[in-house]
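Q: I have a new model open on my screen and would like to learn how to read it. Could we walk through it together?

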Amino acid sequence: MASMHIEARGEIRSEDAAAVKQVVDAGGVIVLPTDTVYGIGADPYSTEAVNAVLAAKGRGRQMPPPVLIADPADAAKVAAHLTPAANALIEAFWPGALTLIVKAAEGIRFDLGDIKDTVAIRMPDHPVTLSVLRETGPLAVTSANLTGQPPAIDAEQAVGYFGEDVACYIDSGPTPGPVPSTIVDVTGEEPVLLREGVLSVADLERACGQKVLTNK
């Protein structure tokens, strides 16, 4: 079946968002914009759909995709516990280019890969993506690229990578790219930087009022 292509410059029409939800509910893979690069995603509750995302990228289940959410309040539903640093970072930078690694809430039914006790969550600062997330609920989304290739910064580049392996492409024009989100582990009392991206260590420390540990 040919892929669906949705034009969504600035905002997405409600009927198009509903069509995306139908694709996700059916286990289909979608490509959508974020505030950094384009992402490839699917229903985080569906093992088959998540495996299709990982297969399209050429990635194994040992690298689970992050989950995008539409509202800061959703973080508390996904995480077993949010530390004071986590809450401060969410308040300062969401929506935005900050991914947080949290302990997964008891009973959460996401199947993202081989790592089960933690989940990476982010609320992107992109109006189209937030509208889609409000329609679909949380989505497992990772950067839209083949493993080892640069992430797509427009829909055409994503089509070149995935072709008809993706059921629906949402085209919102170029994204800022290519600098990714900053990733911080907030599973313990002290936040730990895992990847410096758009946000620097100094940005993080100013927001949470404590030292952010690094692996350097």
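A: Gladly! Keep in mind that this is a predicted model. Let's begin with helix packing: the buried residues of α5 pack against α1, β2 (30-32), β4 (67-68), β7 (139-143) and β8.

Q: Which residues of helix α5 are buried?

A: Helix α5 spans residues 127-136, and its buried residues are Val128, Thr129, Leu130, Val132, Leu133 and Thr136. Here, buried means under 20% relative accessible area. Just past the end of α5 comes Gly137, with a positive phi of about 85°.

Q: How should I read the sheet, and in what order do the strands form it?

A: The general idea is that strands of a sheet pair through backbone hydrogen bonds, either parallel or antiparallel. In this model, 10 strands make an open sheet with mixed pairing, and the order is β1-β8-β2-β3-β7-β4-β6-β5-β9-β10. At the edges sit β1 and β10 (192-195), each pairing on one side only.

Q: In which sense do β1 and β8 pair?

A: They pair in the parallel sense, over four bridges. To find one of them on screen, look for Met4, whose bridge partner in β8 is Cys168.

Q: Which strands does helix α2 lie across, and which does helix α6 lie across?

A: Helix α2 (residues 47-57) lies across β3 (39-42) and β7, running at about 155° to β3. Helix α6 (residues 155-162) lies across β1, β2, β3 and β8, and its angle to β8 is about 160°.

Q: Now for charges. How many salt bridges does the structure hold?

A: Side chains of opposite charge can pair when their charged atoms come close. This structure holds eight salt bridges. One of them joins Arg9 and Asp171, with the closest N and O atoms 3.3 Å apart. Arg9 lies in the loop between β1 (4-7) and α1 (14-25), while Asp171 is in strand β8 (residues 168-171), so this pair ties together parts 162 residues apart in sequence. Asp171 counts as buried at 10% relative accessibility. Glu7, Arg9 and Asp171 are linked in a network of salt bridges.

Q: What separates Asp74 and Lys77 along helix α3?

A: An α-helix has 3.6 residues a turn, so residues three or four places apart point the same way. Asp74 and Lys77 are three residues apart in helix α3 (residues 74-78), about one helical turn. They form a salt bridge, the closest N and O atoms being 3.2 Å apart.

Q: Are these two partners buried or exposed?

A: Asp74 is buried, with a relative accessible area of 18%, whereas Lys77 is exposed at 58%.

Methods: Residues are numbered from 1 along each chain as its sequence is written. This is a predicted model: local features need pLDDT of at least 70, side-chain atom pairs count only at pLDDT 80 or more; totals for chains, interfaces and linings use all residues. Side-chain values use heavy atoms; hydrogens and water are left out. A salt bridge is a side-chain nitrogen of Lys or Arg within 4 Å of a carboxyl oxygen of Asp or Glu. Helices (H or I, at least four residues) and strands (E, at least two) are DSSP runs, numbered from the N terminus. Buried means under 20% relative accessible area, exposed over 50%, partly exposed in between (1.4 Å probe, protein chains only). Contact means heavy atoms within 4.5 Å. Two strands pair if DSSP finds at least two bridges between them. Axes are lines fitted to C-alpha atoms, for helices over the stretch in contact, and angles run from 0 to 180 degrees between N-to-C directions.
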